[in-house]
Amino acid sequence: MIPFVDLKLQYRSIKDDVDAAVLQVFENASFVLGPEVAEFERLFAEYVNVEHAVAVNSGTSALHLAMLAADLGPGDEVITTPMTFIATVSAIDYAGATPVFVDIDPATLNIDPARIEAAITPATKAIVPVHLHGLPADLDPILEIAERHGLTVIEDAAQSHGAEYRGRRVGGVARIGCFSFYPGKNLGAYGEGGAVVTNDPDIARTVSMLRDWGSEQRYHHDLKGFNYRMEGVQGAVLRVKMAHIEHWTENRRRLAARYDELLRPLGYRTPAAPSDLRHVYHVYAIRTTKREEIQAFLTEREIASGIHYPIPVHLQKAFAELGHVRGDFPLTEAASDEVLSLPMFPEMTNDQQDVVVAALTEWAETKGAD
C-alpha cells in the first residue's frame, strides 16, 4: 500500500522530542496557551519573517479572527476564489460579510488578478487570495489593486507553510496572513491548530484578545470574543516540528521535481512551478479528463490518491443563497473536474514513488494520460 500521507512514519522520526515536549506540558499543567505555545509563536513569526504570530485553535478560526480584526462585517464584500476549501468562504460568512468569487488562472489554479478589478464594487472591502496546494498566488498585482481601491488583503496560507513569493514568505507579504496546522498540513499539529501572522501590532493585539474571550485581563472583556485558544500540547508539537520544516519542504520539492520529470513525458499535466516562486507542494495534483478512471486504477494497485476539491465552493449547497450556477466560473469548474492528487509526503521513498509512476505509466501507455 502506498499511502497518500504517512503521519505515523513522521511521528516515529521525531518521537523522542515530541514525547518529551508533550510530557513537559503535562508536568507544567500548561494545557491552554502557555510557554510552549508562546515559543512556537516566536519561532513561527521568525520563520514567516513577521513581527507577530498569534496561535489559535484552527485555521478556520485564524481566518475568522482575521476578518474581524480587519473590521469586516455585514454589508461588506470580500473577493476570493471558489477554488478553495470551504473554510475560506465560511470565515467571510462568519464575519457577516458577503463572499464574491473571481475565477482562477488555469495554469496555477490560483485567483486570476486580471479578473479582480471587474468584481470590485463600492461595498468591496477586502481580497482573500488562497495559495492553493502550496503555490503562492500572484500577490504583487493583487496588492497593487488593493492599494488603489483601499482594500485589505488577507492571505489564506493554510496550505503554504514556507512557500515564497519572489523571495518573500507567504503569509507575511500582505497585511494579514492565516495558517492552518491541521495534522496533514506541511506543518501539522496532533489535532487542530492555526495562526494569524502580521506586522501590524494593532491586528495582533485584536486577534490575541478575540481568541481569548475578548480580554487581556481575566474577567475584563473589552471585545465580544471567542474560545479560540491553542492548546499547550499542540504548541509543543508544533514547536518541535519547526526544527524540521525546511528539511521536509525540500524533500517535498525533490519528490515533486521527480514526479515532473517522470510524468510529463507521458502526457500528464503536472503542477505549475514558476521559477520566481517557491512551491511547497502540500498537494501534488495532476490534471486529467480521466480522473475517476485513473483513481480507480490506482486504488486497485493499492495506491492512495485524493481529489481537492471535487465541488467548487460556489456550487456547494451551503452557499446556494449566493445564487451561482454551473458555468459561472468555468475555469474553476474545469479544474475541479480534473485535478487528482498523488501521494506526497516528505518521508516518501524513491521506491514508493516509482510504484506510483509505474502505475501511471501503465495507464498512459494503454489508455492515454488525458
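Phe-40, Phe-44, Tyr-47, Phe-179 and Phe-181 come together in one aromatic cluster. Everything here comes from a predicted model, in which local features need pLDDT of at least 70 and side-chain atom pairs count only at pLDDT 80 or more, while totals for chains, interfaces and linings use all residues. Residues are numbered from 1 along each chain as its sequence is written, and side-chain values use heavy atoms, with hydrogens and water left out.

Staying with the rings, a search of the whole structure turns up 13 aromatic pairs (rings of Phe, Tyr and Trp, the last by its six-membered ring, pair if their centres lie within 6.5 Å; planes under 30 degrees apart count as stacked, over 60 as edge-to-face and the rest as tilted). One of these pairs is Phe-226 with Tyr-228, stacked at 4.9 Å centre to centre with 15 degrees between the planes. Phe-226 is partly exposed, at 23% relative accessible area, while Tyr-228 counts as buried at 16% (buried means under 20% relative accessible area, exposed over 50%, partly exposed in between, with a 1.4 Å probe and protein chains only). Charges also sit over rings (NZ of Lys or CZ of Arg within 6 Å of the ring centre and within 35 degrees of the ring normal). Tyr-47, from the cluster, has the charged end of Arg-169 over its ring, 4.1 Å from the centre.

Phe-179 leads on to the strands, where it stands opposite Ala-195 in β9. Helices (H or I, at least four residues) and strands (E, at least two) are DSSP runs, numbered from the N terminus, and two strands pair if DSSP finds at least two bridges between them. Strand β8 (residues 176–180) runs antiparallel to β9, joined by five bridges. Strand β1 (residues 52–56) is also antiparallel to β9, again with five bridges, and its Val-54 faces Val-196. In a regular strand the side chains alternate between the two faces of the sheet. In β9, Gly-194, Val-196 and Thr-198 point one way and Ala-195 and Val-197 the other, and all are buried.

Elsewhere, an open three-stranded sheet has the order β7-β6-β12, with antiparallel pairing. Since β7 (168–169) and β12 (277–278) are at the edges with a single partner strand each, one side of each is left without a neighbour in the sheet. Strand β6 (residues 164–165) meets β12 over two bridges, and Glu-164 has Arg-278 as its bridge partner there.

What about the gaps? Rolling a probe the size of a water molecule over the atoms shows where empty space is left. On a 1 Å grid over the protein atoms alone, a cavity is a set of points where a 1.4 Å probe fits but cannot get out, and a pocket is an open set with protein on both sides within 12 Å along at least five of seven lines; lining residues have an atom within 4 Å of a point. Grid points are joined across faces, edges and corners, and a volume is the space filled by probe spheres set on the points. The largest pocket has about 460 Å³, and among its 25 lining residues Phe-85, Ser-180, Tyr-182, Lys-185 and Tyr-309 lie nearest the centre. Helix α4 gives the most to this lining, with three residues. The structure holds one cavity of 30 Å³ or more; the largest cavity has about 80 Å³ of space.
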